[in-house]
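The following exercises are to be worked through with the sequence and the three-dimensional model at hand. Each task is followed by a stepwise solution.

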Amino acid sequence: MKKGKTLSLAVIAIAFGLGSTALADVNPPLAALPPVPVPKDNPQSAAKIELGKLLFFDSRIGGDASVSCADCHAPKQGWGFNDPISRGYPGVIHWRNSQTVVNAAYLGKLFWVGAAKSLEAQAPSAAKGAVSGNGEADMMEARLAFIPEYAKQFRAIFGDRWPRISSAWKAIAAFERTLTHDQTPFDKFMRGDKTALSAE
């Protein structure tokens, strides 16, 4: 490469903040996965996680009560959807594939376009989206309110007089934060187990 072109690329890199310092800030050193970040307004608890798990597999969280979170994020398919295009709400066709939920708790941008900034924001977008869940908040709340055990759990965990759909998203997010894979050979090696990786 000619000297002039090299200098031009360096100037462009500096202008756009792509110097070595900026890259170091964007790309931290390799390390094992840290503990899952938990928002202050939605602390984890065993009861909340269990409620979130029930809701994740419950098709009442959707339009016609035929589609649950687990339909597009199937445990047997790596908590995702293996086909090139995900199933959609009955009568429509989705145009994207469902990403895995595994380690999604570490992400600051969710969905293929990064539209949701947290698990709490992702859940309602999927459940109410026209080509995914197609649910209406008042209808989903009403369905949950008819289940005595749900009413009891929402009251105990969130203090809701009846199940609030906003609380449901928090419970689902709490459950999803438990779906992590942080015990890979690489993670173990980076935590000090020098036998975790082979020479190969």
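## Exercise 1: Cysteines

In this predicted model, Cys 72 has a relative accessibility of 12% and therefore counts as buried.

Solution. 

## Exercise 2: The largest pocket

Task: Describe the largest pocket by its volume, its central residues, the elements that line it and the classes of its lining residues.

Solution. 
1. The space in the largest pocket amounts to about 700 Å³.
2. Its lining comprises 35 residues, of which His 73, Ser 98, Phe 111, Gln 122 and Ala 126 are the closest to the centre.
3. Two or more lining residues come from each of helix H4 (69–72), helix H5 (119–128) and helix H8 (165–176).
4. The most is given by H5, with six residues.
5. Sorted by class, the lining has 20 nonpolar, 13 polar and two charged residues.

## Exercise 3: Nonpolar cores

Task: Identify which residues of the largest nonpolar core touch the most other members, and which element gives the most to this core.

Solution. 
1. The largest nonpolar core has 21 residues; Leu 55, Phe 56, Ile 61, Leu 144 and Trp 169 touch the most other members.
2. Helices H3 (46–56), H4, H5, H6 (137–145), H7 (148–158) and H8 each give two or more residues to this core.
3. H8 gives the most, with six residues.
4. Apart from this core lies another, of six residues, including Ala 104, Ala 105, Leu 110 and Ala 173.
5. Leaving aside residues up to four places away in sequence, Leu 144 touches Leu 55, Ile 61, Tyr 150, Ala 151, Phe 154, Pro 163, Ile 165 and Ala 168.

## Exercise 4: Thr 100

Task: Locate Thr 100 and decide whether Thr 100 is buried, partly exposed or exposed.

Solution. 
1. Thr 100 is placed in the loop between H4 and H5.
2. Its relative accessible area is 39%, so Thr 100 is partly exposed.
3. Although 27 residues separate Thr 100 from His 73 in sequence, their C-alpha atoms are 6.3 Å apart.
4. Beyond four places away in sequence, Thr 100 touches Gly 78, Trp 79 and Gly 80.

Technical notes
Residues numbered from 1 in each chain as written. Predicted model: local features only at pLDDT ≥ 70, side-chain atom pairs only at ≥ 80, totals over all residues. Heavy atoms only, no water. 1 Å grid on protein atoms, 1.4 Å probe; cavity = no way out; pocket = protein on both sides within 12 Å on 5 of 7 lines; lining within 4 Å. Points joined across faces, edges and corners; volume = space filled by probe spheres on them. Helix = DSSP H or I, 4+ residues; strand = E, 2+ residues; numbered from the N terminus. Nonpolar A, V, L, I, M, F, W, Y, C, P; charged D, E, K, R; others polar. Core = buried A, V, L, I, M, F, W, Y, C linked by side-chain atoms within 4.5 Å. Buried < 20%, exposed > 50% of the residue type's maximum accessible area, 1.4 Å probe, protein only. Contact = heavy atoms within 4.5 Å.
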